[in-house]
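Trainee: I would like to learn how the terms for a structure are applied. Can we go through them one by one?
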Amino acid sequence: MRITLKCATSLDGRIALANGDSRWITGPDARKQGHHLRAAHDAVLVGSGTVMADDPLLTVREVKVERQPVRVVADGRLRLRPDHKLAQSTDQGPVWVLSLAQTRPELHDLGLEVITLPDMTPDQQIRALQDKGITSLMIEGGGTLVASYLKAGLITHIEWFRAPIILGGDGRPAFGDLSLSALSEAQVWCRTAMTSLGEDLWERYERLEEGDECLPA
Ligand SMILES: NC(=O)c1ccc[n+]([C@@H]2O[C@H](COP(=O)([O-])OP(=O)(O)OC[C@H]3O[C@@H](n4cnc5c(N)ncnc54)[C@H](OP(=O)(O)O)[C@@H]3O)[C@@H](O)[C@H]2O)c1
């Protein structure tokens, strides 16, 4: 499966302030490109922490689409509430919740599909999505979910939007801990494109497989 990580960060790789505020780090051109990217994937995925902090809608807007990507939340404890925008918008496109818990009647009645998993590992989540026909997925955060997908070696592409602002060490990092003990353990990525979008920079990366050569853009 093609698994893309999309993130919008400051120059120093932060995705939010310490208080969780992250709207909007990048400008309108970068956000519009983010909608194009959503439209190009079968599904978009966020962690439950992002839903609790930002209450995102995750639909494709600003770009005409025939079909909305499936919106997926990785929510082991099923913390999603009926008043969250995702729960209130199933008329705009499907919403699936990957969880350890069984669905609740109020979520079922709103049209949300809860997919109960035996564990919440990235491998298990991807298997469940593949079984339901998803062939491309864009992960939109937050840092905890992204780190576990990076650790599992599942991310194949990165779409990085970088704003010319500095949020400092107390801002939230793009990725949670990876527990590396040597630089040689770091994943290596190949930059395939770099474009200015208003004041922001859009960098595109692909994962290098062993033996691949990178001719950076
Ligand atoms: N600038 C950006 O591009 C951007 C994008 C998105 C979010 N953000 C910011 O990021 C912050 C939220 O990030 P976060 O790190 O706190 O939360 P997160 O990564 O969105 O969610 C973490 C939660 O996801 C659940 N989860 C389910 N499956 C998981 C798995 N395989 N690996 C890891 N976690 C899994 C866990 O909770 P359960 O136990 O409930 O399953 C975990 O606590 C917010 O401040 C938001 O504004 C910024």
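Mentor: Start with a definition: helices (H or I, at least four residues) and strands (E, at least two) are DSSP runs, numbered from the N terminus. This is a predicted model, where local features need pLDDT of at least 70, side-chain atom pairs count only at pLDDT 80 or more, and totals for chains, interfaces and linings use all residues. Residues are numbered from 1 along each chain as its sequence is written.

Trainee: Which helix gives the most to the shell around the ligand?

Mentor: Helix 2 does, with 5 residues. A residue is near a molecule if its C-beta atom, placed from the backbone, lies within 6 Å of it. Among the 30 residues around the ligand, Gly47, Gly49, Gly76, Gly141 and Gly142 come nearest.

Trainee: Why is Ile25 called buried?

Mentor: Buried means 20 or more other C-beta atoms within 10 Å of the residue's own; exposed means 12 or fewer, and partly exposed lies in between, with C-beta atoms placed from the backbone. Ile25 has 23, so Ile25 is buried.

Trainee: What is Ile25 in contact with, leaving aside its neighbours within four places in sequence?

Mentor: Contact means C-beta atoms, placed from the backbone, within 7 Å. Ile25 meets that with Ala8, Thr9, Ser10 and Ala163. Ile25 itself lies in the loop between strand 2 and helix 1.

Trainee: What makes the reach of helix 1 close to the expected one?

Mentor: The expected span is 1.5 Å times one less than the number of residues. Helix 1 has 12 residues, and 16 Å is expected. From first C-alpha to last, helix 1 reaches 17 Å, close to that value.

Notes:
Contact = placed C-beta atoms within 7 Å.
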